[in-house]
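Hi everyone, thanks for making time this morning. I'd like to walk you through the inside of one protein, so please have a look at the screen.

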Amino acid sequence: MKLSDIDSQDLKKDQPKELEGEITSDIIDILEEEGITVKMLVDTALELYAPHPGLETREIAEERFRKEFDIAISDANLCLLIYSGILLERDGEKGKLPNISKSSYEKDLTFIIADEVIGMSIAKYISGDKGMFEFVRFDKQKPGILSKLGPFMDDVIGGLIGGVSANMYTRGMAEAAENEKKSRKNKDVSGVIAA
């Protein structure tokens, strides 16, 4: 039997397609409660900044990173992934993680990979394989705040920064290419008019 042969039933067809009700909690506020500010995220991202077309200066990169960050955290699913890492970190600090002792949590044992999986999931959710590449770059070097965070949060925040950074570079380069294309087109048109 093929999957296409199975009749599908949409048992959730009557559910709303949009969020409802008043939002009482914001991921930025929750991160700040954990001692993580947007400025810290930006500063950490820019520690590994490398000039690219469309991102020729740190100032341009910072502005683009902030825009991409705002776009990313407007997604409730991403915020829930981040929040899951926050909850795991809180429970790890209290020694309440299932099947892991508090001392194992504190040592960030290499065979515990759930933190890495969450970080990679966040990066990939934001920007696919490019985000994964950036996550690895940040995870290995642990710049800025990443070096000060606990076992789960360093990967959660590394995934967030990695995914947003990947989008920053991608969009910056795409806009630079589009501007170059327009510039060439305008030169061609002005050259034809002048001739």
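Which residues have the most contacts inside the largest nonpolar core? They are Ile82, Ile157 and Leu160, in a core of 39 residues. By nonpolar core I mean a set of buried Ala, Val, Leu, Ile, Met, Phe, Trp, Tyr and Cys residues joined through side-chain atoms within 4.5 Å. Buried is under 20% relative accessible area, exposed is over 50%, and partly exposed is in between, with a 1.4 Å probe and protein chains only.

Before going on, a word on the model: it is predicted, so local features need pLDDT of at least 70 and side-chain atom pairs count only at pLDDT 80 or more, while totals for chains, interfaces and linings use all residues. Residues are numbered from 1 along each chain as its sequence is written, and side-chain values use heavy atoms, with hydrogens and water left out.

Helix 1 (27-33), helix 2 (38-47), helix 3 (58-73), helix 4 (76-94), helix 6 (114-141) and helix 7 (153-194) each supply at least two of its residues. Helix 7 gives the most, with eight. Helices here are DSSP runs (H or I, at least four residues), numbered from the N terminus. Take Ile157: leaving aside neighbours within four places in sequence, Ile157 is in contact (heavy atoms within 4.5 Å) with Leu31, Ile36, Leu41, Ile145, Leu146 and Leu149.

On a 1 Å grid over the protein atoms alone, a cavity is a set of points where a 1.4 Å probe fits but cannot get out; a pocket is an open set with protein on both sides within 12 Å along at least five of seven lines; and lining residues have an atom within 4 Å of a point. Volume is the space filled by probe spheres set on the points.

The search finds one cavity of 30 Å³ or more. The largest cavity has about 60 Å³, and its lining includes Tyr105, Asp108, Asp115 and Phe152. That lining has seven nonpolar, one polar and two charged residues.

The largest pocket has a volume of about 460 Å³. Of its 16 lining residues, Ile23, Ser25, Asp26, Ala76 and Cys79 lie nearest the centre. Helix 4 gives the most to this lining, with four residues.

Finally, the second largest pocket comes to about 170 Å³. Helix 6 and helix 7 each supply at least two of its lining residues, and the lining includes His52, Lys130, Glu134 and Arg137.

Notes
Ala, Val, Leu, Ile, Met, Phe, Trp, Tyr, Cys and Pro count as nonpolar, Asp, Glu, Lys and Arg as charged, and the others, Gly among them, as polar.
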